[in-house]
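Subject: A structure to look through

Dear colleague,

I am handing over a structure for you to look at, and below it I have set out what was found in it. Please keep the sequence and the 3D view open while you read.

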Amino acid sequence: MTRIVLLLSLSVGLLVQPSEQPRAPRNAAEFDALFQQVSNWGRWGKDDQLGSVNLITAAKRKAALTLPKAGVSVSLAHNPLTERAEDVSSPFEHTMLRGNSMDRYAVSYHGYAHSHIDALCHILYKDQTYNGYARADVNTDKGCTKLGIDNLKQGIVSRGILIDAPRLKGVEFLEPGTPIYAEDVDAWEKKAGVKIAAGDVVLLRTGRWARRAKLGPWNVGQNAAGFHASIAPWLKARGVAILGSDAAEDVVPSRVEGVALPVHTLCITAMGINLLDNQDLEALAETAARLNRWEFLITVAPVPVTGGTGFPVNALATF
């Protein structure tokens, strides 16, 4: 009888899967250690303003320009959201002027609604920006004195790589709160037949916009699929130049106690990686699947507002 009970216990144990174990960084102390581990401060000189964009060399741009074969161009910008909703605290405003022959645009683009790029002065850690500049020396009421979006005036021209996480997992979209880890990206590379390399612009599709279209808006700032903070060493090792997603890159909640947006902070402040937030990757995913090509030429050209913390953008992928 004892032997039978033991065998039954072992069998039941095999059927019951343990809950996912927390991964480092799990708290503020582990996060700080990881920040120091992946930091690029001083890597390109004490006065560097570009961060990981330095990895997009002339050779990288020339190689990227050879990628288009079909001549198909896809916009990554989501149409401006004009209605207030759970994920839209600052709707886009369009006002006609002077007999409707002129107009005015107004948008507070940071957040979870509008497609934009973050400048390197946007996020600070312990009152310092990327490359160790003090808050008081950078962030002023007239804009950023360093690391502003105007540093990208020459534009971004590189190879783009799409990571289609729902396609990898065989679902229409990821549920909010789903984390993406380095092994998921490794699995996607094998499935898609691509290898992320230095100077690439990497885009993560979670299916946020597909889910919104089907189920309606929700508070993305409180619950979103995205990268877990443990992805940072992988991003640095591969030399990712720009990172983007259809939300704000971070899985939310972050799973790092005391740190709300660890991926944002590790990318922008530690590694100097500009972020492309709230990109609409639905048409891109459809085009990539139809062509069976997950790499493409990507171009991003934000308006160079002096001292800007970012800018709305219409990034383009060309196959």
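Asn100 counts as exposed, because its relative accessibility is 58% and exposed residues are those over 50%. Please bear in mind throughout that this is a predicted model. You will find Asn100 in the loop between β2 (93-97) and β3 (102-106), where its phi is near 65°, a positive value in a residue other than glycine. Asn292 also has a positive phi, of about 55°, although it is not a glycine, and it lies in the loop between α10 and β13. With a relative accessible area of 58%, Asn292 is exposed.

The bond that joins Ala24 and Pro25 is cis, with omega at about 0°, and Pro25 has its place in the loop between α1 (2-15) and α2 (28-38). The bond from Val252 to Pro253 is cis as well, with omega near 0°, and Pro253 lies in the loop between β11 (242-245) and α9 (262-271).

Turning to the aromatic rings, a search of the whole structure finds 7 aromatic pairs. In one of them, the rings of Trp188 and Trp294 have their centres 4.9 Å apart and their planes at 85°, so the pair is edge-to-face, given that planes over 60 degrees apart are counted in that way. This pair links distant parts of the chain, since Trp188 belongs to helix α6 (residues 182-192) while Trp294 sits in the loop between α10 (282-291) and β13 (295-300), 106 residues apart. Elsewhere, ring pairs link Phe31, Phe35, Trp41 and Tyr125 into a cluster.

Rings also take part in contacts with charged side chains. The charged end of Arg208 sits over the ring of Trp209, 3.9 Å from its centre, and Arg211 lies over the face of Trp218, at 4.6 Å from the ring centre.

The last topic is salt bridges, for which the count comes to 18. Which residue forms a salt bridge with Glu295? The partner is Arg159, with the closest N and O atoms 2.7 Å apart. This pair links distant parts of the chain, with Glu295 in strand β13 and Arg159 in strand β7 (residues 156-164), 136 residues apart. Glu295 counts as partly exposed at 23% relative accessibility, whereas Arg159, at 13%, counts as buried. Both residues belong to a network of salt bridges in which Lys60, Arg159, Asp200 and Glu295 are linked.

Asp164 deserves a careful look as well, and at 1% relative accessibility it counts as buried. Its side chain meets that of Arg167 in a salt bridge (3.4 Å, N to O), and Arg167 is partly exposed, with a relative accessible area of 38%. Asp164 also forms a salt bridge with Arg205, where the closest N and O atoms are 2.7 Å apart. This pair links distant parts of the chain, with Asp164 in strand β7 and Arg205 in strand β9 (residues 201-205), 41 residues apart, and Arg205 is buried, as is Asp164.

Note on methods
Residues are numbered from 1 along each chain as its sequence is written. This is a predicted model: local features need pLDDT of at least 70, side-chain atom pairs count only at pLDDT 80 or more; totals for chains, interfaces and linings use all residues. Side-chain values use heavy atoms; hydrogens and water are left out. Rings of Phe, Tyr and Trp (its six-membered ring) pair if their centres lie within 6.5 Å; planes under 30 degrees apart count as stacked, over 60 as edge-to-face and the rest as tilted. Helices (H or I, at least four residues) and strands (E, at least two) are DSSP runs, numbered from the N terminus. A charge sits over a ring if NZ of Lys or CZ of Arg is within 6 Å of the ring centre and within 35 degrees of the ring normal. Buried means under 20% relative accessible area, exposed over 50%, partly exposed in between (1.4 Å probe, protein chains only). A salt bridge is a side-chain nitrogen of Lys or Arg within 4 Å of a carboxyl oxygen of Asp or Glu.
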